[in-house]
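Please have a look at the sequence and the structure before going on.

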Amino acid sequence: MRSEQETREAVRKYSDMIRRICMVHLKSYHDTEDIFQTVFLKYALASDEFASEEHEKAWFIRVTINACRDLLRNFFRSRTVSIEEVEELAGETGTAEDSRVREEVLLLPDKYKDAVYLHYFEGYSAAEIAKLLGKKENTVYSLLSRGRDILSEKLGGGIDG
Amino acid sequence: MDNRIRHAFDQVRAEDTLKKDTEKYLEKATHGYGKHSFFVRRLAVSFAGIAMAFVVAAGSYFYAVPAYAITLDAESSVELRVNRMDRVISVKGVNDNGRTLANSVKVFLMKYPDALETIMSNADIRKDLEEKKDISITVVGENDQKSEEMTDVISSCTYAHHPNITCMCGNREDVEAAQEAGLPLGKYRMFLEWKQYDPAITAEEISSMSMQKIREKLEEISGNKYPAGAGMNWNGMNGNGMNGAGMNGNGMNGTGRENGKMNGMGGSRSHTGE
């Protein structure tokens with residue numbers, strides 16, 4: 001088990017990232033709370049040593065995405081989300097343009113969301129995303145390409161690859 | 001577009017409430033990060049209980065269980081039970097006078113040399129010594145070496161330097177045999193010695209005689225010298241019945257002790273005094 005200090009440091013360091021991943025996948029703040037608890041408890045109880053900070057960050061991303069998927073697999077949870085709910089989930093922080101961009105990312109089909117978020121926000125390459133998500137690199141390229149097309153269409157303007 | 005996405009998501013931050021609630025949850029879920037986990041606490045409580053029971057049991061064993069018996073044979077005969085910490089845990093009289101003596105002295109939990117000193121300062125015992133009556137002090141216990149050490153300690157005490165006091169380190173077999181014969185151990189040994197020269201002598205005859213008288217008679221029939229106590233420890237007798245061969249020239253050499261094997265408590269014995 002990790003120390004309280006180590007765990008608190010991880011909460012401080014990775015909360016924002018986990019919050020964004022949760023936003024991309026989940027439909028309620030309550031679910032986000034569940035994911036936070038699940039991910040950080042797993043971290044606190046794990047004794048894995050990380051080779052580097054990047055390794056640790058990748059661990060949090062993988063565990064968070066998996067936890068979100070597990071939560072969404074729950075039979076009783078709604079699999080669809082309305083536009084109004086998306087607006088609410090995307091929040092109003094930042095400019096109106098920021099909110100609109102977030103809404104469009106959230107409205108992407110699930111299979112594109114992770115790749116788009118990890119590439120455009122976290123800055124991971126297709127090869128790195130392939131490793132993180134356990135997909136083939138070419139598949140990730142396809143997901144990114146398709147996601148980019150959809151967002152360009154919705155938001156207008158070019159998207160850098 | 002990548003900048004637009006980056007900027008849009010950069011605005012998203014985990015709420016302080018979310019972080020604090022998560023930390024609270026973790027504190028609870030990990031039972032204070034293992035500091036006070038139920039398992040650890042239960043284990044600690046169990047160990048504390050076992051340790052406590054062990055300490056109590058060990059304490060009881062060392063304090064309440066007698067390991068040695070010191071028998072003082074005189075007109076008033078008493079037996080002190082001594083624990084492994086050299087403390088007297090009980091005193092009882094082995095004859096009527098002894099019972100009166102045992103009830104009048106307060107020696108509970110005293111170190112055995114102090115307890116004996118208290119008993120020796122009793123008026124009845126002092127009267128016996130003034131009248132030159134013999135007194136024998138016998139140590140019997142579970143450990144040979146320790147019994148011998150105790151005999152040495154008693155022999156070195158001032159009260160044991162009286163010429164009519166004899167200190168002995170006994171063994172279970174001798175004590176039981178003496179008990180069966182109805183004699184104090186010291187007298188029983190003299191009886192066995194006498195019997196070698198005069199098989200007709202009986203324990204009853206011996207029991208009514210003083211040690212001084214027995215010594216004189218024994219010297220008369222054997223030609224050997226049997227000096228009186230003078231704080232001396234008996235030696236030269238093997239532990240399993242005296243056959244004479246174990247005696248040195250004078251029967252006693254004044255410095256040693258009997259080397260008899262001891263197999264536990266000497267047990268009390270009935271004794272009618274000298």
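**Where the two chains meet**

The contact draws 35 residues from chain A and 23 residues from chain B, where two residues are in contact if their C-beta atoms, placed from the backbone, lie within 7 Å. This is a predicted model, in which local features need pLDDT of at least 70, side-chain atom pairs count only at pLDDT 80 or more, and totals for chains, interfaces and linings use all residues. Residues are numbered from 1 along each chain as its sequence is written, while chains are lettered from A and ligands numbered from 1 in the order in which they are written.

- On the side of chain B that touches chain A, the elements giving two or more residues are α1 (2-10) and α2 (16-29) of chain B; helices (H or I, at least four residues) and strands (E, at least two) are DSSP runs, numbered from the N terminus.
- α2(B) gives the most to this side, with eight residues.
- By class, this side of chain B has eleven nonpolar, seven charged and five polar residues. Here Ala, Val, Leu, Ile, Met, Phe, Trp, Tyr, Cys and Pro count as nonpolar, Asp, Glu, Lys and Arg as charged, and the others, Gly among them, as polar.

**A helix pair in chain A**

- Helices α2 (residues 29-45) and α3 (residues 53-73) of chain A pack at about 135° with their axes 10 Å apart; axes are lines fitted to C-alpha atoms, for helices over the stretch in contact, and angles run from 0 to 180 degrees between N-to-C directions.
- α2(A) and α3(A) are therefore oblique to each other (under 35 degrees counts as roughly parallel, over 145 as roughly antiparallel, 65 to 115 as roughly perpendicular and the rest as oblique).
- Among the residues that meet are I35(A) and V39(A) in α2(A), and F60(A) and L71(A) in α3(A).
- The contact of α2(A) with α3(A) has seven nonpolar, three charged and two polar residues.

**The sheet in chain B**

- Five strands form an open sheet with mixed pairing, in the order β3-β2-β1-β4-β5 (chain B); two strands pair if DSSP finds at least two bridges between them.
- β3 (88-93) and β5 (165-169) of chain B stand at the edges with a single partner strand each, so one side of each lacks a neighbour in the sheet.
- The twist from one strand to the next averages 15°.
- β1 (residues 66-73) of chain B pairs antiparallel with β2(B) over six bridges, and a hairpin joins them through four residues.
- Strand β2 (residues 78-83) of chain B runs antiparallel to β3(B), joined by five bridges, and V82(B) stands opposite V88(B).
- In the turn of the hairpin formed by β2(B) and β3(B), D86(B) has a positive phi of about 70°.
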